[in-house]
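Biologist: Could you walk me through this one slowly? I would like to start with the strands and then move on to the charged pairs and the core.

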Amino acid sequence: MKKRLISLVAAAALVGGVAVAGAPQVAKAGTVTVKGDTQATLYGFVWGVYSWDNQMAGNPDEANMPIPDHSTPIYNKVQFQTDSWVTRLGFAFKSGEGVSGRIEGDFFEEGKFRLRRAYVQHNFDNFYVLIGQEWCLEEMFPSISASFTPPAGFDELILRIPQVRVGTKIDLGTANLDLALAFENEGRRAVSLLNSPYDTVDRVTIPAVAGRVIAHIDTNFGSPMEFYALGSVIPVYLDLQDITPAGKNITDDSETSYMFQTGIKVPVSMFTLGANYQYTDGAVWFPGAFPTTPESYYDVNGSVEDTTTNSFNVSLRVTPIPCVTVGGEYDYVQYKNDDAFTNQDKPKVQTYVANVEIKTTKHTILTLEWRHAYAQDFDAVPGLGITDDSFSGDQYYARYIYLF
């Protein structure tokens, strides 16, 4: 029995699986009457957040990078913001023909209703096919942060995208595997950067291909241990502007970006330990240091040079009593492009997270959080206009959610 379990653990370490750790959990509400044999369930939550930033870029709760010390006039100033635009409303559908689906939205666009998820899923004997807009296969919610914008290293811009996905589950006795393959429309979101004069996705000719395996393994310590491994290949065509005085440009250049990520979550009694690792080549929006992320690609003297990243985090959550959970996390991301960055420096961001989650009633949750972000060597990156080699900032959150 021990030999079998060890073999499963070793296999799962290669293919892995972590369940959603940072996403709001949605309680299902009562059913809604519809025509035919389709059942519709209304669900959602009301989200209220109060956020304070000290020397952080952008609006509170929408950025994870500090402001460089040389910046004016907002250097070393505090910003406050409160909003409820993440408030969510959705319908889940299910028919007697093995067909299910979902329509979900929020009020992110300045109070206007925004479509988040809209898909139909056909369930067969041992596999399913999903068609429509859903969370991208690469999103595993690896951070415990309560903020709308996760720490640099795992702040994916891609999120929910149109796709065609096929998947299945395999029961191995003391473990089970969840396998999925998806064709996703993520090229422009993974590679192209906002307001960038250097890196522009000209066109996308074929969808990105993503694959993921999640393993759940019984350990007799409480909830199952979870491993995951995933990756994606993202072909794009780029128009690049040379960063050297020669001013050469590259037009319609074909490049293939890719990413790989793996992680683990181990629940033991009142403790839950998590760890994740990510590597990207030319897909800098997966780690996402917003808004000062280095470019995916640079044109250096007529040669296309790609930016790679290494990210990891570790977290620990403790639930001493059923209604209170205390957590801490460390996130790290490093960018590398020896041909484009000055002196071959490797810009990096470190983020420290501490929070407490309190279940105030059966349907409401209060979360208090502090984050400290520390950036180094971003003055080596062309196009960002940063002259400070190190700078830091702090974020504070109070979030209240009513789930229905």
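Biologist: How do strand E6 and strand E7 pair?

Modeller: Strand E6 (residues 112-123) and strand E7 (residues 127-135) pair in the antiparallel sense over six bridges, where strands are DSSP runs of at least two residues, numbered from the N terminus, and two strands pair if DSSP finds at least two bridges between them. A hairpin of three residues joins E6 to E7, and Ala118 stands opposite Gln133 in E7. Please keep in mind that this is a predicted model, in which local features need pLDDT of at least 70 and side-chain atom pairs count only at pLDDT 80 or more, while totals for chains, interfaces and linings use all residues. Residues are numbered from 1 along each chain as its sequence is written, and side-chain values use heavy atoms, with hydrogens and water left out.

Biologist: And which residue in E8 is the bridge partner of Trp135?

Modeller: That partner is Arg160, and E7 is joined to strand E8 (residues 160-171) by nine bridges, with the two running antiparallel.

Biologist: Switching topic, how many salt bridges does the structure hold?

Modeller: It holds eleven salt bridges, each being a side-chain nitrogen of Lys or Arg within 4 Å of a carboxyl oxygen of Asp or Glu. One of them joins Glu104 and Arg88, at 3.9 Å from N to O, and it links strand E5 (residues 99-109) with strand E4 (residues 88-94), the two residues being 16 residues apart.

Biologist: Are Glu104 and Arg88 buried or exposed?

Modeller: Both Glu104 and Arg88 are buried, which here means under 20% relative accessible area, with exposed being over 50% and partly exposed in between (1.4 Å probe, protein chains only).

Biologist: What about Asp252, which residue does it form a salt bridge with?

Modeller: Asp252 forms one with Arg203, with the closest N and O atoms 3.0 Å apart. Asp252 lies in strand E13 and Arg203 in strand E10 (residues 199-203), so this pair ties together parts that are 49 residues apart in sequence. Asp252 has a relative accessible area of 31% and so is partly exposed, and Arg203 also counts as partly exposed, at 34%.

Biologist: Last topic, which residues touch the most other members in the largest nonpolar core?

Modeller: That core has 20 residues, and among those with the most contacts to other members are Ile158, Val236 and Phe286; such a core is a set of buried Ala, Val, Leu, Ile, Met, Phe, Trp, Tyr and Cys residues joined through side-chain atoms within 4.5 Å. Strand E12 gives the most to this core, with six residues.

Notes
Helices (H or I, at least four residues) and strands (E, at least two) are DSSP runs, numbered from the N terminus.
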